[in-house]
Amino acid sequence: MKEILQDLTREELGALVEEYGEKKFRAQQIYLGLMQGKRISELPVSPLLREKLLERFEDEPVKIYRTFTASDGTKKFLFLLADGNLIEGVLMKYKYGNTQCVSTQVGCRMGCKFCASTLGGLLRNLTAGEIISQILTVNRAEGGNLKDRAVTNVVLMGSGEPFDNYENVVRFLRNLIAEEGINISARNVSLSTCGLVPQMKSFADEGIPLNLTVSLHAVTDEERKRTMPVANKYKIQEILAACEHYFKKTGRRYIFEYSLISGGNADGEHAEALSKLLKGKPCHVNLIRLNEVKERNLSSVSEKEAYRFLGVLEQNGISATLRRSMGSDIGGACGQLRAKHLGEQHDKD
Ligand code: SAH
């Protein structure tokens, strides 16, 4: 695979252009072109410079390979990478804007028992440029530009564990929030982690005040170990301390994801224990009914049970919402699209 031009920061592009003996303003032209989602072959530069760039860098590191549109307007994308790997993403349309869910790795090695992304393990990390290109490509395909963006919010909740690809993800975030670029405010970005405590602590010092989201999914370490292997490494109390640290450093409240699994973590006593665990903390709980994954034998709670769980949290003064599952009629949820596509390819072989 060639290098990825979208990995570079604005300053690094400046240095590159100088290295090629070009005038300084070229760097800005290239940068703005890339941020508009252009391929290198479409950049408004001399044919000679274009040729030099194409020799070293991928023309289009992330291509939209398939688009699926759900009845609620949610769009799912399968993206093709330069090395032939596929990743997936989702664009959810809300009244206040459009939220894109991006992947940070091809596959995942965290091994959560309910998740489709981890079924084939980790294939490789995505580079910063491959992560931002998912957004630049979709923004352009949806008719957005740099001023009037079709993507207004970003969640790092696609395939992969963002903090297992720390350096690339931080580089991506810096490029994403840079004012001269696509300029999506950190406040409109959510990063979800399964709870890698050392990286959570380091991230607090990066000065990127986003919505830090932790996949909790259990109220005790013993129960968490049943569905999340990472719980063997880090305790819930360590995770809570890392969240507090993030809050102290950034002033941003943190969020917990809690997927409700029938017969697992969703009884009344779990709701009470979760309330006790989080009482008085500057946090919010996002409940979601488990998306049932074909290869996993876990089932979701009913809508009624989910609302009952929410009710207990609310009664106990915990800020919480039950998230609507969007785009489920197109296999949108949680790594299922790529898994399904790879499965279909396999069926054909
Ligand atoms: N690696 C990150 C991002 C994962 S995806 C993390 O672990 O947080 C975003 C969220 O979807 C996580 O909370 C994850 O636990 C959850 N998730 C994964 N599979 C799911 C499923 N089948 N049903 C409901 N939530 C699921």
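Keep in mind that the model is predicted: local features need pLDDT of at least 70, side-chain atom pairs count only at pLDDT 80 or more, and totals for chains, interfaces and linings use all residues. Residues are numbered from 1 along each chain as its sequence is written, and side-chain values use heavy atoms, with hydrogens and water left out.

**Stop 1: the whole chain.** Show it as a cartoon and you'll find eleven helices and twelve strands (DSSP runs numbered from the N terminus: helices are H or I with at least four residues, strands are E with at least two). The radius of gyration, taken over C-alpha atoms, is 21 Å, close to the 20 Å that the globule rule gives for 349 residues, so the chain is as compact as a globular protein of that length. That rule is 2.2 Å times the number of residues to the power 0.38. Along its principal axes, the C-alpha trace spans about 70 × 50 × 40 Å.

**Stop 2: the ligand.** Select the ligand and its surroundings: 18 residues surround it, the closest being Phe-114, Ser-192, Ser-215, His-217 and Asn-291 (a residue counts if one of its heavy atoms lies within 4 Å). Now look for polar contacts, which are pairs of N or O atoms within 3.5 Å. A polar side-chain atom of Ser-192 sits 2.6 Å from a ligand oxygen, and Ser-215 also has a polar side-chain atom 2.6 Å from a ligand oxygen. At Thr-193, it's a polar backbone atom, 3.4 Å from an oxygen atom of the ligand. Strand E8 (189-193) and strand E10 (254-260) are the elements that give two or more residues to this shell.

**Stop 3: the cavity.** Which residues line the largest cavity? Select Leu-5, Gln-6, Leu-8, Leu-13, Tyr-31, Leu-34, Met-35 and Leu-136. A cavity here is a set of points on a 1 Å grid over the protein atoms alone where a 1.4 Å probe fits but cannot get out; lining residues have an atom within 4 Å of a point. Helix H2 (residues 25-35) gives the largest share of the lining, three residues.

Conventions: 1 Å grid on protein atoms, 1.4 Å probe; cavity = no way out; pocket = protein on both sides within 12 Å on 5 of 7 lines; lining within 4 Å. Polar contact = N/O pair within 3.5 Å; in protein donor to acceptor, adjacent residues only side chain to side chain.
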